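Q: I have a model open and want to learn how to read it. Where do we begin?

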Amino acid sequence: MTAASGIEGAIQMLEGRWKLVILFHLFGGKTLRFSDLERAIPDVSQKMLSQQLRQLEQDGIVTRIVHAQVPPKVEYHLTDWGESLCPALDELLTWAESRPPLKREGEPSKA
């Protein structure tokens, strides 16, 4: 397996508009109900949140816990493997924050 195909597989597990946001809300050993995640991410639809959580669960990143009660209570938390992603995403965030200012169109280069 090449590094390129390895990174492609990793990105496929994390691609999706809301997956990284969901992960950041669950980092630190938090267990959140579906409704807690809905409130924490107000721009996501129920359908999309459900889809993204299902995919994260299928990839072994998130665990879904269903409590047998009425109304149904469903909670989510990161697996140990999912939690181990936190340092890598922190590094990615640090990298993004260190981005140099972009050159504006028509602006002379500073060399």
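Q: In which loop does P71 lie?
A: Bear in mind that this is a predicted model. P71 lies in the loop between strand 2 and strand 3. The bond joining V70 and P71 is cis, with omega at about -5 degrees.

Q: How do strand 2 and strand 3 run, and how many bridges join them?
A: Strands pair if at least two bridges are found between them. Here strand 2 and strand 3 (residues 73–78) run antiparallel, joined by 6 bridges. Take V66 as an example: its bridge partner in strand 3 is V74.

Q: What is the strand order in the sheet?
A: The order is 1-3-2 in an open sheet of 3 strands, with antiparallel pairing. Strand 1 (31–33) and strand 2 (62–67) are the edge strands, each pairing on one side only. On average, neighbouring strands are turned by 30 degrees against each other, ignoring direction.

Q: Which helix lies across the strands?
A: Helix 2 (residues 19–26) does, lying across strand 1, strand 2 and strand 3. Against strand 3, helix 2 runs at about 90 degrees.

Q: Which residues have the most contacts inside the largest nonpolar core?
A: A nonpolar core is built from buried residues joined through side-chain atoms within 4.5 Å. The largest one here has 20 residues, and I22, L23, L26, V62 and Y76 have the most contacts inside it. Helix 2, helix 3 (34–40), helix 4 (46–58), strand 3 and helix 6 (86–97) each supply at least two of its residues.

Q: What does V62 touch, beyond four places in sequence?
A: Its contacts include L23, L26, L56, Y76 and L78. E57, H77 and T79 are also among them.

Terms used:
Residues numbered from 1 in each chain as written. Predicted model: local features only at pLDDT ≥ 70, side-chain atom pairs only at ≥ 80, totals over all residues. Heavy atoms only, no water. Helix = DSSP H or I, 4+ residues; strand = E, 2+ residues; numbered from the N terminus. Axes fitted to C-alpha atoms, helices over the stretch in contact; angles between N-to-C directions. Contact = heavy atoms within 4.5 Å. Buried < 20%, exposed > 50% of the residue type's maximum accessible area, 1.4 Å probe, protein only.
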